[in-house]
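Before reading on, please look over the sequence and the model shown below. The report that follows describes selected residues, spaces and segments in turn.

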Amino acid sequence: MIRVKDVSVSFGSRTLFENVNLSFDEGNRYGLIGANGSGKSTFMKILVGDVEPSTGTVTIAPGLRVGVLRQDHYQYDDCRVLDTVMMGYPELWEVMQERERLYARPEMTEEEGMRVGELESAFAEMDGYSAEYFAAELLEGLGIPVERHGDLMSSMIGGFKLRVLLAQVLFGRPDILLLDEPTNHLDLDTIRWLEHFLLDHKGTMVIISHDRHFLNTVCTHMVDVDYQQIAMFSGNYDYFVAASTLAREQRLAENARNQAKIAELREFVARFSANKSKAKQATSRQKQIEKIEIEEIRPSSRVSPYIKFTAKQPLGKQVVALEGVHKSFGDLQVLRDVNLEIGRGEKAAVIGPNGIGKTTLLNVLMGELAPDAGSVTWGQSAQPTYFTQDHHETIQKDTTVFEWLQRFDREVDQQTLRSILGRMLFSKDEVHKSTSVLSGGETARLMLGKMLLLQGNVLVLDEPTNHLDLESIDALSNALAAFEGTVIFVSHARQLVSDVANRIIELTPAGILDFKGTYDEFLAKREALASA
């Protein structure tokens, strides 16, 4: 299907990867993974054909249709949503347009009539009669209701535009799917729908994702960009972690054994090389040393932040209560008569479709927005800290990493600040980096650093895994699960919700569903009710 031969990529003196030889075979689903900055997006662009490698070639078997998820928000602004999806099968769309043009004529020539016959045959062969139904089904599965299908793309906000573009690439049923972060801007239910769709799709897929549950569910192989190399492993992400860790430990152990052997042989040579009776044995030992190889084990580009949340003071039983909370924006009512009480030790995941009001709920909870009616009452001992979704508004652009963090506690010593930043992977001179040039992952880690500094006993987080790599997400998940205080969070990362939450608060158009239990238990109950 796809053959990668002797591919290398360098930018100046920096090598991303070299001498890559891989085969992406029919029907397999490959997860393309690696630390931020390791080169996985560059490798995907090489597969797509948008970037030329420094050396080597990529070939795709002739006659195969390739679907690429592109994130151009504006290309289709003048097109209807449904039409944009159907453009994902260019050959069918061309037939549809010509067919429609000819049928719109008041009269046809004999030649045009013959052409219509050819078009009808091609239209039927490409399953054109069910095209609109399939496109609508994809849009609904991705959370775009029927009443929006006739709207112009220009009327769709960014996250929903990307859903339409995802539907577009899926509509063409391509032989090869190349998807870069397909779960971005999708809620948990929509991600579950996408997982099932991709499992049923028969084509070959290469997928970049930071969602561990998604990779485990969908992928049959992992393609790992690390150590300036790209290696392929059979199995899902969890299997890859176990297998790659074991392989590295075995190589390190083998090197240690060889180094011990070399030291032993060198000691013999040093002791007896001048001894005539043992000179021959010393020469033999020297030859043995020359034959022993120490494998070069390159340092991994993967680095995990060290996250451990601690609280300055214990948390009382009463944490926060919302009573009769209403919130509207103009004519749009987002929150209606919300009544919730969250107690000590609870880890509440706030879930629901995009646009339902999850961020609004957290902003009202934290006093960032005033409710139109009702009240929010915090317990006397509660000390909440907030990880906001929009980092650009939270982190000013006229300062440095160190100075921004220092603003939250002028009394803290420099060593403590540097220690926290070091744990968040800002080492040495990086603490003086301008906040205006931070990547998405760096801003997220800086926000977590603020929470570590403030040591609140209630952690409120809105989409904390956006922009984080897999290692950082795992570190955050473990830290939240181990935290002894209360956690209230919004996330579309299934693994984080499954690993952390012991209470599910689902926002729906009909109101709030409040379930005390894990996410897996919540899903089991919902499916049991649906089948009853």
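## Aromatic rings

Phe-24 is buried, with a relative accessible area of 0%. Phe-43 is likewise buried, and its relative accessible area is 0%. (Buried means under 20% relative accessible area, exposed over 50% and partly exposed in between, with a 1.4 Å probe and protein chains only.) The model is predicted, and for that reason local features need pLDDT of at least 70 and side-chain atom pairs pLDDT 80 or more, while totals for chains, interfaces and linings use all residues. Residues are numbered from 1 along each chain as its sequence is written, and side-chain values use heavy atoms, with hydrogens and water left out.

The structure contains 13 aromatic pairs (rings of Phe, Tyr and Trp, the last by its six-membered ring, with centres within 6.5 Å; planes under 30 degrees apart are stacked, over 60 edge-to-face, the rest tilted). One of these is the tilted pair of Phe-24 and Phe-43, with 6.5 Å from centre to centre and 35° between the planes. This pair links distant parts of the chain: Phe-24 belongs to strand E2 (residues 14–24) and Phe-43 to helix H1 (residues 40–48), 19 residues apart. The ring centres of Tyr-237 and Phe-240 are 5.9 Å apart and the planes lie at 40°, so this pair is also tilted. Tyr-237 and Phe-240 are separated by about one helical turn because they stand three residues apart in helix H9 (residues 237–272). (Helices, H or I with at least four residues, and strands, E with at least two, are DSSP runs numbered from the N terminus.) Tyr-237 and Phe-240 are both buried. Elsewhere, ring pairs join Phe-17, Phe-24, Tyr-30 and Phe-43 into a cluster.

## Annotated segments

An unreviewed UniProt entry carries the annotation "domain: ABC transporter" for residues 2–252 and 320–531; such annotations may be inferred rather than shown by experiment.

(On a 1 Å grid over the protein atoms alone, a pocket is an open set of points with protein on both sides within 12 Å along at least five of seven lines, a cavity is a set where a 1.4 Å probe fits but cannot get out, and lining residues have an atom within 4 Å of a point.) Volume here is the space filled by probe spheres set on the points.

Which element gives the most to the lining of the second largest pocket? Helix H9 does, with eight residues. At least two lining residues come from each of strand E8 (221–226), strand E9 (229–234), H9 and helix H16 (470–482). The lining of this pocket divides into nine nonpolar, four polar and 10 charged residues (Ala, Val, Leu, Ile, Met, Phe, Trp, Tyr, Cys and Pro are nonpolar, Asp, Glu, Lys and Arg charged, the others, Gly among them, polar).

A search of the whole structure finds four cavities of 30 Å³ or more, and the largest cavity has a volume of about 60 Å³. The residues lining the largest cavity are Leu-69, Gln-71, Leu-162, Arg-163, Leu-166, Glu-181, Pro-182, Asn-184 and Leu-186. Five of these lining residues are nonpolar, two are polar and two are charged.

## Individual residues

Most residues other than glycine have a negative phi. Asp-6, although not a glycine, has a positive phi of about 55°. Asp-6 lies in strand E1 (residues 2–11) and is partly exposed at a relative accessible area of 36%. Asp-337, again not a glycine, has a positive phi of about 50°. Asp-337 belongs to strand E11 (residues 332–343) and is partly exposed, with a relative accessible area of 45%.

Val-58 is part of strand E4 (residues 55–60), and its 26% relative accessibility makes Val-58 partly exposed. The C-alpha atoms of Val-58 and Val-4 are separated by 4.6 Å, although these residues are 54 residues apart along the chain.

Pro-174 occupies the loop between helix H6 (158–171) and strand E6 (176–180). Is Pro-174 buried or exposed? With a relative accessible area of 4%, Pro-174 is buried. Pro-174 and His-392 are 218 residues apart in sequence, and the distance in space is 37 Å from C-alpha to C-alpha.
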